[in-house]
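Reader: I would like to learn how to read a few features of a fold. Please take me through them one by one.

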Amino acid sequence: MTTLDIAIKLAEKGELPETPTFVVGLGGTLAANSTTEKAIKASLAGASEGGAETLFISGAELELPIYAWERKERGPAALHLIESLRRADGIIIGSPGYHGSISGLIKNALDYTQDMADDEWPYFHGRPVGAISTGAGWQGAVTTLTALRGIVHALRGWNTPMGVAINTATPVFDADGKCLDVKIDSMLRDMGKEVAESARVRALMRGSREA
Ligand SMILES: Cc1cc2nc3c(=O)[nH]c(=O)nc-3n(C[C@H](O)[C@H](O)[C@H](O)COP(=O)(O)O)c2cc1C
């Protein structure tokens with residue numbers, strides 16, 4: 001029996017309050033038709049199928065001032081990001097490959113998790129995190145996925161076994177966000193579902209503490 005099975009059994013017996021699982025997806029680029037954003041949304045749809053409530057924080061919403069530890073003032077967008085991550089039981093992050101690694105936009109947003117350093121659940125502690133990368137070739141997509149998963153590890157998150165690297169050299173999504181590649185679509189959805197299912201443990205624990 002897994003930890004998840006035990007937690008669900010306790011919840012069913014009424015020993016843990018029912019708490020909806022909350023999954024935050026963040027990332028993308030400032031491009032109007034961002035492929036990365038479409039990939040994150042497909043994965044969030046999988047998280048939703050896995051029973052989670054979801055929230056998407058787009059690339060545009062992540063356009064924050066350069067993170068500087070010395071500066072403590074926070075605008076509404078930074079507060080929205082941090083408060084959403086604090087509530088998150090699971091997280092999905094998507095970044096394009098820019099020059100062999102994640103983009104500055106996404107790295108800067110992730111640096112804001114320093115505001116969570118003294119939380120009861122610091123950084124991504126206790127949360128499953130699904131990672132998605134896009135690149136105009138396999139090399140960039142794969143090195144970016146590896147970099148992103150390394151950052152998740154540094155932030156004490158639990159990388160899901162599956163990560164999704166996407167080569168966008170040929171079109172992967174249509175204008176409405178529908179994935180044109182059956183295999184990539186199922187990988188994105190499966191990873192989202194995996195995040196939602198693993199995040200259930202944290203949701204139940206959070207619920208028991210909030211009760
Ligand atoms: C500044 C910049 C740097 C890039 N560097 C790389 C790279 O090193 N390797 C790669 O495969 N693709 C690179 N790309 C391509 C993007 O990763 C790719 O087009 C990605 O899918 C864009 O995501 P979007 O559609 O969400 O904007 C770069 C694109 C830009 C604009």
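Author: Start with burial. A residue is buried if 20 or more other C-beta atoms lie within 10 Å of its own, exposed if 12 or fewer, and partly exposed in between; the C-beta atoms are placed from the backbone. Glycine 104 has 12 other C-beta atoms within 10 Å, so glycine 104 is exposed. Two notes on the source. This is a predicted model, in which local features need pLDDT of at least 70 and side-chain atom pairs count only at pLDDT 80 or more, while totals for chains, interfaces and linings use all residues. Residues are numbered from 1 along each chain as its sequence is written.

Reader: In which element does glycine 104 lie?

Author: In helix H4, residues 104–111. Helices (H or I, at least four residues) and strands (E, at least two) are DSSP runs, numbered from the N terminus.

Reader: Is glutamate 194 buried or exposed?

Author: Buried, because 20 other C-beta atoms lie within 10 Å. Glutamate 194 sits in helix H6. Leaving aside neighbours within four places in sequence, glutamate 194 touches Gly130, Thr160 and Met162.

Reader: How do I read a nonpolar core?

Author: In soluble globular proteins, nonpolar side chains tend to be buried together. A nonpolar core is a set of buried Ala, Val, Leu, Ile, Met, Phe, Trp, Tyr and Cys residues joined through C-beta atoms within 7 Å. Here the largest one has 47 residues. Val23, Ile91, Ile92 and Val164 have the most contacts inside it. Helix H6 (residues 182–210) gives the most to this core, with nine residues.

Reader: Which residues are in contact with isoleucine 92, leaving aside its neighbours within four places in sequence?

Author: Val23, Gly25, Ile40, Ser43, Leu44, Ala47, Gly130, Ile132, Gly192 and Val195.

Reader: How do I describe two packed helices?

Author: Two packed helices are described by the angle between their axes and the distance between the axes. Axes are lines fitted to C-alpha atoms, for helices over the stretch in contact, and angles run from 0 to 180 degrees between N-to-C directions. Helix H2 (residues 35–49) and H6 pack at about 50°, with axes 6 Å apart. Angles under 35 degrees count as roughly parallel, over 145 as roughly antiparallel, 65 to 115 as roughly perpendicular and the rest as oblique. H2 and H6 are therefore oblique to each other.

Reader: Which residues of H2 and H6 meet?

Author: On the H2 side they include Ala39, Ser43 and Ala47. On the H6 side they include Leu188, Gly192 and Val195.

Reader: Where should I look for positive phi values?

Author: Histidine 99 has phi near 55°, positive in a residue other than glycine. Histidine 99 lies in the loop between strand S3 (90–98) and strand S4 (101–102). With 9 other C-beta atoms within 10 Å, histidine 99 is exposed. Arginine 156 has phi near 70°, again positive in a residue other than glycine. Its loop joins helix H5 (138–154) and strand S6 (158–159). Arginine 156 is partly exposed, with 16 other C-beta atoms within 10 Å.

Technical notes
Contact = placed C-beta atoms within 7 Å.
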